[in-house]
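Here is a short note for a colleague who is opening this structure for the first time. Please read the points beside the model.

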Amino acid sequence: MGRTQRQRQRRNSQTTTTTPPDNALHVLYGQLHALGWRNETRLSALNFAQTGRGLCSKSKSFQAGDELIRLPASCLISIATLEADEGFKQLFNRDLFDKDARISFQALVACYLLYQGHLYESTNDSPWSAYLDTLPSSYTTPYFCAINELQCLPEALLERTVAQNRQIREYYQLLKALVGEQHCKCCGQRYCEDIWTLAAYKRAYFTVNTRSVYIDARQLKQTKSHFQLLINGSSNLALAPFLDLFNHSDSVQTTAVLYSKSQEYVLTLEASSKTVLKPYEQLYISYGALPNLKLITEYGFYLERNAHDYFEFSLQDIEQLIVHNKELATQNYHRNIFKFIREHNLMDQMFVHIQDGCSHNLRVVLHLIFKQQAYFPNVLNQIAFGDVEQFNDVQPELSYLLTYKMKEYQGFVDALRRLSQLTQSGTVALGYLIECLRYLRDFEQAHS
Ligand SMILES: [Zn+2]
């Protein structure tokens, strides 16, 4: 693996926009130590050229099978933390909980961060003060792009951003209805009106979105269930101070387990493209086998030559291609075919993958639209779910689609470059689009 791995000019933008001062981390070490963390693997935070802040060990080497970190559950902000916080719980009157107006646990943790943030600011008395100090003040997901930047982004990014916005606003309104009118004991201000602004809530929401880890909450020692009827879905996530400084890589596999007996959360390096990771080398974990679209929209970064990447198309892309391609635009397309594709969800999982080629569904859809004369549902059924071999005739149309997409993305890149300045989110989005173009070009070369 070594050679190609080294040759890759990997640059990823996991750099947080504001690196907190080192003394904030020192205070955090102290607070976590007081909660029982022993830092057996001698982890330190350093700034690395490729990623910005990340973690390494100054004295230990690591190989597959080694533990990276062992953090007591008391160091996590989990459902158990919220359930044990009497002041926070008092804000939520259980009589007002409505089964048709629940919020996700992520949305509640975001609210908890705001609650602790205000305690810290107004009384200087939050148990999470050091952690709050180490959090970035902004995030680089496309969600935080300026409006003129959003206008230069493709539908695939906008779709997710719009959905996130709808969700966040909905949760904020629900919290407002539940807690908003109440006054803070220390300053007398009203929570959702004066203290928790929508802008601050958005930031807190993305703190949880970008930094939380998966935990099996059933393993937590926890007795009370004040929030049970408020939360929609599981409580299987937690904020993990310090541990959340690990950056993501596609060349490692890691596991994370919360042990119920010891109440410890343990991250283990399962596999790595490097046999030995020496002291001072950055240690990575895997957030999952995620493509760049997911990484940028949820975490605000992407990886160059991401091993888990693929490029997805929508049915709208194909419709747009037909409109813009002179040869294709002259043909007739029966609406039954599009109806059939939608009804059978064949437009899901239409993607190209640099090693595996064109996905089955993309082949089927291109074949149905461009190669089929029949438009009766029973015939389409036989074709779509029949023999795979017959879909190998769509190479020209796939080429058109790739060319169309690259032209479209090049247009977005040019438009972003024309803007007089870019936000951090805009800069990351621009890099992502350039990476998409490289991916499509490489795909075309490998498969034409
Ligand atoms: Zn107050």
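1. Axes here are lines fitted to C-alpha atoms, for helices over the stretch in contact, and angles run from 0 to 180 degrees between N-to-C directions. Helices (H or I, at least four residues) are DSSP runs, numbered from the N terminus. This is a predicted model, in which local features need pLDDT of at least 70 and side-chain atom pairs count only at pLDDT 80 or more, while totals for chains, interfaces and linings use all residues. Residues are numbered from 1 along each chain as its sequence is written.

2. Helix H17 (residues 395-418) packs with helix H18 (residues 424-447) at an angle of about 155°, and their axes are 10 Å apart. The two helices are therefore roughly antiparallel, a term used for angles over 145 degrees.

3. Residues in contact have C-beta atoms, placed from the backbone, within 7 Å. On the H17 side the contact includes Leu-402, Met-406, Tyr-409 and Phe-412, and on the H18 side it includes Leu-430, Leu-433, Ile-434 and Phe-443. The residues of this contact divide into 13 nonpolar, 2 polar and 3 charged (Ala, Val, Leu, Ile, Met, Phe, Trp, Tyr, Cys and Pro count as nonpolar, Asp, Glu, Lys and Arg as charged, and the others, Gly among them, as polar).

4. The domain assignment gives domain 1 (2-299) and domain 2 (311-447), with bounds from an automatic or database assignment. Their C-alpha centres lie 35 Å apart, and 20 residues of domain 1 are in contact with 18 residues of domain 2. On the side of domain 1 that touches domain 2, the elements giving two or more residues are helix H7 (147-150), helix H8 (155-180) and helix H11 (292-299).

Note on methods
Parallel < 35°, antiparallel > 145°, perpendicular 65-115°, else oblique. Contact = placed C-beta atoms within 7 Å.
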